[in-house]
Protein chains: 2
Amino acid sequence: MSIEITVLGCGSASPTSYRNHTSQVVQVQERYFLIDCGEGAQIQLRKNKIRMQKIHAVFISHLHGDHYFGLPGLLSTFNLLGREKELAVYAPADLLNILKSIFNASNTYLCYKLNFHPLNFKYPVLLFQDKRVEVHSFPLRHSIDTCGFLVKEKIKPRKINRKAVDSYEVPMYELNKIKDGADYVNEDGVIVENTKLTFDPEPSLSYAYCSDTMYCPALCDFIKNSNLLYHEATFAKDCEALAKKTKHSTSEQAALIAKKADVKMLMLGHYSSRYTDLQLLLDEARLVFENTILADDGLKINL
Amino acid sequence: MSIEITVLGCGSASPTSYRNHTSQVVQVQERYFLIDCGEGAQIQLRKNKIRMQKIHAVFISHLHGDHYFGLPGLLSTFNLLGREKELAVYAPADLLNILKSIFNASNTYLCYKLNFHPLNFKYPVLLFQDKRVEVHSFPLRHSIDTCGFLVKEKIKPRKINRKAVDSYEVPMYELNKIKDGADYVNEDGVIVENTKLTFDPEPSLSYAYCSDTMYCPALCDFIKNSNLLYHEATFAKDCEALAKKTKHSTSEQAALIAKKADVKMLMLGHYSSRYTDLQLLLDEARLVFENTILADDGLKINL
């Protein structure tokens, strides 16, 4: 199992001809999550050969247009393609009325069920879970209500020690319980401890997404030890005052968060359109946190 | 003087990775009009090196998303760029509430004045005029209220016959009146007819934009003799029943309109995503109206 992130766009509010607005696909096995959906996301999905209909749920961090103006178009395209599967949308409450007014104006009735879940901006919330994966929201600090998201594999099943289960003659039908951590009790009532029958599971992966936010050390609690942190880095260090004023971050501040939260890797993004060359942002982050990379439209990362 | 059309997108509702949603820039001297504004139009403006801030007015034909989902983003970008110039938006009335709900949700106050003009879907209306150009709307027949637009140069000033004005000793300050068609009366009260002093003006150009519409011969009255007609051609002839059902046109029907309206040239567009190769659409149109071309993203036409 793995988590795969595809960056559909990594620009900030003012788009350039070479950077799309913010949007990412996070794939965990058969689950495809779309996180933010800037204008043009549906075309980016096509360019990146991700089948739109596979998207199971959409998470919108906040209602600045560069993070959701692609959503009405995507929802309309789902409709044209005859989507039948339900779609969950986790977003600020106001989005529901915006979508209603848009679809009313065009006499559009969606042919699929859209389950809208308003976000909470005060506390972290478990938004979604199935057998394999959880998605949590947590509050960020920006000029309007904004959430970050944490996509996290559940604790994986323990790995069967083939030799041991053979020697203790464990029947096949017991194996699932044993993978879940149960001891084995044989026909004579003898207890074989789980640790004798299994190895530790693969570590569970997690991906934290933080855009947009000002420098906010409090968010480290929510993203601690993540395998990958995406953190906005709208500005370089010389624009720190502007970052503070607009409630964005510098790349150095993103790196400070990565370091404090003890994550494995940091990905920068949401670059101001003033930067055509991003080396300065990368260099300033790496001085604080070495394992830093730059998001780029079309970049795929497999954790 | 001339009219220049830049096609920003020529796809229909379901976008492809190589065709953007409908949007065009029509330039008449220093006036830049944006007609429709599908998702991604602002990036297309950048790619086509058209300075956004030059756009004087926006005309939205109808409220299907592929014709306006790029507008909230464009208006937001004008704001980020500190636009001061007023912007006129001619669009179906419902758009105003949609924009208000979008900007309310993000606490956005536009730094420029947006003058919103609701369209009339019953009669042709002169929407805009200045010294050089007029823009008219006229009703189309589609599944929701939809307008076409006619961009038309005003009758141009007559051309001065240099030799004649010299020989009649016409003073300089009379020339503007003479360009406008006045006769010249000299100091002795002798009348010199205008036709002796001038040549006929250059013919006035016009551009008609019809998207989306079913086959509707009644619209020929509004677009008669245009130099260029853009007419939607969502389908080929074998999908005529589908065109009728969805209130779109085939390329042959677009050509029939071009022929009846006696226009000089026809440009097809708004192609269904089922067509990667558009030759069939072009061939079927040319059987009816020879001077037909295909719209393409990035195509520029100077009339």
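Modeller: A cut-off to begin with: a charge sits over a ring if NZ of Lys or CZ of Arg is within 6 Å of the ring centre and within 35 degrees of the ring normal. Bear in mind that this is a predicted model.

Biologist: Ok. Over the face of which ring does B:R83 lie at 4.6 Å from the ring centre?

Modeller: That ring is B:F78. B:R83 also lies over the face of B:Y112, with 5.8 Å to the ring centre.

Biologist: And ring on ring? How many aromatic pairs over all chains?

Modeller: The count is 18. Take B:F33 and B:F128: their ring centres are 5.4 Å apart and the planes sit at 70°, so this pair is edge-to-face, the cut-off being over 60.

Biologist: Where in chain B are those two?

Modeller: B:F33 is in strand β3 and B:F128 in strand β7, 95 residues apart.

Biologist: Buried or exposed, B:F33 and B:F128?

Modeller: Both are buried.

Biologist: Which residues do ring pairs link into a cluster in chain A?

Modeller: A:F33, A:F59, A:Y90, A:F128, A:F149, A:Y209 and A:Y230.

Biologist: New topic. Which residues of α3(B) are buried?

Modeller: B:L95, B:I98, B:L99, B:I102, B:F103 and B:A105.

Biologist: What do they pack against?

Modeller: α3 of chain A, plus α2, β5 and β6 of chain B.

Biologist: How far does α3(B) reach?

Modeller: 17 Å from first C-alpha to last, over 12 residues, close to the 16 Å expected. B:N107 follows α3(B), with a positive phi near 50°.

Methods
Residues are numbered from 1 along each chain as its sequence is written. Chains are lettered from A and ligands numbered from 1 in the order in which they are written. This is a predicted model: local features need pLDDT of at least 70, side-chain atom pairs count only at pLDDT 80 or more; totals for chains, interfaces and linings use all residues. Side-chain values use heavy atoms; hydrogens and water are left out. Rings of Phe, Tyr and Trp (its six-membered ring) pair if their centres lie within 6.5 Å; planes under 30 degrees apart count as stacked, over 60 as edge-to-face and the rest as tilted. Helices (H or I, at least four residues) and strands (E, at least two) are DSSP runs, numbered from the N terminus. Buried means under 20% relative accessible area, exposed over 50%, partly exposed in between (1.4 Å probe, protein chains only). The expected span of a helix is 1.5 Å times one less than its number of residues. Contact means heavy atoms within 4.5 Å.
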